[in-house]
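Hi,

Here is the model I said I'd pass on.

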Amino acid sequence: MLFKVKALSEESALVERAKNDAPAFGELYERYVARIYNYVYYRTGNEHDAEDLTARVFMRAMKQLPNYTDRGLPFSAWLYRIAHNLVANWHRDESRRRVVPLEEHITHGLYTDAPEYVAEAREEERKLLDVIRDLPDERQQLLILKFVDQLSNAEIGAIMNRSEGAIKSLYHRTLLNLRDELEKE
Amino acid sequence: MKDLKPDEVINLTDRLQTTLKQVKPRAEFVADLKRKLIREARTGQHAQNEWKQTLTWIAIGAGSLIYIATLLFVSAKSAWWILSAVGALLGWKKAQQPQKQTARVK
């Protein structure tokens with residue numbers, strides 16, 4: 001707990017410096033670019049839009065940073081909020097794309113390169129990703145924070161501004177949702 | 001809606017862990033964006049500093065004008081009082097002089 005408080009204070013100090021110091025903002029960027037990119041990537045489904053939206057997230061963050069007030073939440077919560085809003089706008093403006101670049105996925109965790117296994121694994125992953133992208137925004141966010149960023153329920157709760165119990169409950173409902181949708185496919 | 005069985009939870013969690021893996025952004029993209037952001041941040045800070053400087057100079061100028069105007073006003077008012085007092089004094093002295101002359105003649 002004390003470590004968390006110290007980490008938040010250190011981050012708060014960095015955020016304050018970043019308001020007036022370009023290299024300090026660069027440091028903040030380096031801390032969070034991979035996480036934001038992953039979040040946007042899984043929400044959009046392709047690298048090109050993920051890069052474009054990630055850039056827009058940090059541009060917006062830089063412009064709005066002077067107005068940022070530390071409310072005791074991690075700075076990442078604010079960044080995820082910006083990313084969430086930009087992705088929501090992207091979904092509204094663009095037609096839903098289901099481009100799933102599976103190259104990054106299939107190289108992980110496969111113990112054989114037998115074509116039929118690879119094809120089946122790809123198909124399973126495609127199905128799951130399609131179902132995930134049909135989930136409500138907050139459930140998608142929860143899954144990405146939990147499995148991609150490997151965050152605990154408490155950390156996810158801090159980002160999504162919910163209690164740990166609420167996150168557990170949301171996760172349970174999300175799994176139920178997934179199971180039911182996958183059974184339909 | 002039937003509740004999840006333990007093996008369903010395990011199965012779904014495994015599939016999610018296999019599918020939702022960390023994707024590394026392109027190193028070139030990360031580096032380019034960082035350069036762009038720092039450049040924009042510096043331009044923004046420079047413009048902000050210039051704007052602050054301009055406002056500061058306007059404030060100093062306005063303050064100086066008000067100060068000078070106040071001084072002049074006070075000085076003018078003081079001068080007027082001084083002149084009035086002197087004038088009043090002179091007028092009293094003049095009024096006094098004919099009475100003295102009349103007294104001498106007598």
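Of chain B's 106 residues, 14% are buried (under 20% relative accessible area, 1.4 Å probe, protein chains only). Chain B has two helices and zero strands (DSSP runs: H or I of at least four residues for helices, E of at least two for strands, numbered from the N terminus). Its accessible surface is about 8900 Å², 65% of it from carbon and sulfur atoms (Shrake-Rupley, 1.4 Å probe).

A quick note on conventions: this is a predicted model, with local features needing pLDDT of at least 70 and side-chain atom pairs pLDDT 80 or more, while totals for chains, interfaces and linings use all residues. Residues are numbered from 1 along each chain as written, chains are lettered from A in the order written, and side-chain values use heavy atoms, without hydrogens or water.

Now the interface. Contact (heavy atoms within 4.5 Å) involves 45 residues of chain A and 31 residues of chain B. Together the two chains bury about 3600 Å², with 67% from carbon and sulfur atoms (accessible area lost on being put together, 1.4 Å probe, summed over both). A:Tyr29, A:Phe147 and A:Arg179 supply 17% of what chain A buries there, more than any other three residues.

Five salt bridges link chain A and chain B (Lys or Arg side-chain nitrogen within 4 Å of an Asp or Glu carboxyl oxygen). One salt bridge pairs A:Glu51 with B:Arg26, at 2.7 Å, N to O. On the side of chain A that touches chain B, H2(A) gives the largest share, 12 residues.

Cheers

Technical notes
Buried < 20%, exposed > 50% of the residue type's maximum accessible area, 1.4 Å probe, protein only.
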